[in-house]
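Biologist: I am new to this structure. Could you take me through its features one at a time, with the general idea before the case?

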Amino acid sequence: MPAPGTKQVLVEVVATSVNLSDWEGLTGSPGYARIGGLRTPAHRVLGSDIAGRVAAVGSGVTRFQVGDEVYGDNLGLMGGFAEFAVAPEAALARKPHELSFAEASTLPQAGAIALQGTARAREGSRVLINGAGGGAGSFAIQLARRSGAHVTGVDNAGKLDFMRELGADEVIDYRREDFTRREPYDLVLDLVAHRSVFAYRRALARGGHYLCVGGTVRTLLRVVTVGAALGLLTGRRLGVLVVRPGPAHFEPIAERCIAGDLRIHIDRTFPLEELPQALTYVGRGRALGKVVVTP
Ligand SMILES: NC(=O)c1ccc[n+]([C@@H]2O[C@H](COP(=O)([O-])OP(=O)(O)OC[C@H]3O[C@@H](n4cnc5c(N)ncnc54)[C@H](OP(=O)(O)O)[C@@H]3O)[C@@H](O)[C@H]2O)c1
């Protein structure tokens, strides 16, 4: 049983959702997933998105008490794939009663990525989301559409219908077509970057933005160095989006889900004993939207 520190909360986990970052931590790939633990894993228990009940609080905790229903992204400490997890008070928010624990657990990480990644989507702008059929992408498609943008979703063939259902105007199977050789886009949100910065630059309209959220280390490094310089020279912006975590960045998504403006899509729910299958399901790119695990 983990014990909470001064500003920490012990949460009895009712539901936890799987993110690609869990799979990356499990496999140690891309290389940034090894930060903090080059030789041995940084975390013994993975799992960052949690929803559950407060079981104990540290002496410095002021916002929560035992029994409160909470949810949040515990990316710093992890440990969510368990019956109990310790999280910093600041990472947690009160769970709205309109959302089930399973629904709430899908929002913190994927919602924050989608909200910040689509902040530049505008009425009439052309937005492309690469890796759009997974967790963050399923919210990003909806957000970009709600802002009035024309949305293109890119993912594997098994997710094309799902992306259309979420509101994508156009869909591309990345195994059949190279999106960087289509029309130029005003915003490209890339959840799985692995192409050259020249290809990404080619995909952008003048004044357009390319935001990389996840992908290979090689690509991320090239985007922040060569990509940034290339973008400046050609009137385009290429950069890595470092996603700010925390309630301020996922509570707005929860409110919009409650209002019926956004839809939460849970593909499958696995019991904790089947966590390896749940991780593999997400890691192999099968999940349509989110996958939830319940202890
Ligand atoms: N920047 C930050 O601060 C920050 C913070 C947290 C997380 N992240 C990152 O955010 C990313 C998004 O995670 P998520 O949980 O939304 O992932 P997810 O649910 O697994 O969705 C990713 C989707 O991309 C697809 N895909 C894989 N390779 C592709 C390619 N070459 N072209 C197009 N689509 C491809 C996958 O399907 P297939 O595998 O079948 O192709 C899958 O459907 C992760 O990389 C994570 O590390 C970044």
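Modeller: This is a predicted model. Start with helix α7, residues 217–234, which has 18 residues. From its first C-alpha to its last it reaches 24 Å, close to the 26 Å expected at 1.5 Å a residue.

Biologist: Where is the kink in α7 centred?

Modeller: On Gly-227, with an angle of about 40°. Just after the helix, Gly-235 takes a positive phi of about 75°.

Biologist: How do I read the buried side of a helix?

Modeller: An α-helix has 3.6 residues a turn, so residues three or four places apart point the same way. In α7 the buried residues are Thr-219, Leu-220, Val-223, Gly-227, Leu-230, Gly-231 and Thr-234.

Biologist: Which elements do the buried residues of α7 pack against?

Modeller: They pack against α6 (197–202), β10 (204–212) and β11 (237–240).

Biologist: Now a strand residue. Is Thr-152 buried or exposed?

Modeller: Buried means under 20% relative accessible area, and Thr-152 has 0%, so it counts as buried. Thr-152 belongs to strand β7, residues 150–155. Leaving aside neighbours within four places in sequence, Thr-152 is in contact with Val-127, Leu-128, Ile-129, Glu-170, Ile-172 and Tyr-185.

Biologist: And how does a residue of the partly exposed class look?

Modeller: Take Arg-164, in helix α5 (residues 160–166). Arg-164 has a relative accessible area of 43%, which makes it partly exposed. Its side chain makes a polar contact with the side chain of Asp-161, at 2.8 Å. The C-alpha atoms of Arg-164 and Ile-141 are separated by 9.3 Å, and these two residues are 23 apart along the chain.

Biologist: How many disulfides does a search of the whole structure find?

Modeller: A disulfide is a covalent bond between the sulfur atoms of two cysteines. Here the search finds 0 disulfides. As for individual cysteines, Cys-212 is buried, with a relative accessible area of 0%, and Cys-257 is buried at 10%.

Biologist: Last, the ligand. How many residues surround it?

Modeller: There are 26, and the closest are Glu-24, Gly-135, Asn-156, Lys-159 and Tyr-174.

Biologist: Which atoms should I look at there?

Modeller: Look at the polar atoms of ligand and protein. An oxygen atom of the ligand is 2.8 Å from a polar backbone atom of Ala-136. A nitrogen atom of the ligand lies 2.8 Å from a backbone N or O atom of Leu-241. In the case of Asn-130, an N or O atom of the side chain is 3.4 Å from a nitrogen atom of the ligand.

Note on methods: Residues are numbered from 1 along each chain as its sequence is written. This is a predicted model: local features need pLDDT of at least 70, side-chain atom pairs count only at pLDDT 80 or more; totals for chains, interfaces and linings use all residues. Side-chain values use heavy atoms; hydrogens and water are left out. Helices (H or I, at least four residues) and strands (E, at least two) are DSSP runs, numbered from the N terminus. Buried means under 20% relative accessible area, exposed over 50%, partly exposed in between (1.4 Å probe, protein chains only). Contact means heavy atoms within 4.5 Å. A disulfide is a pair of cysteine sulfur atoms within 2.5 Å. The expected span of a helix is 1.5 Å times one less than its number of residues. The bend at a residue is the angle between axes fitted to the seven residues ending there and the seven starting there. A residue is near a molecule or strand if one of its heavy atoms lies within 4 Å of it. A polar contact is a pair of N or O atoms within 3.5 Å; within protein, one must be able to donate a hydrogen and the other to accept it, and residues adjacent in sequence count only if both atoms are side-chain atoms.
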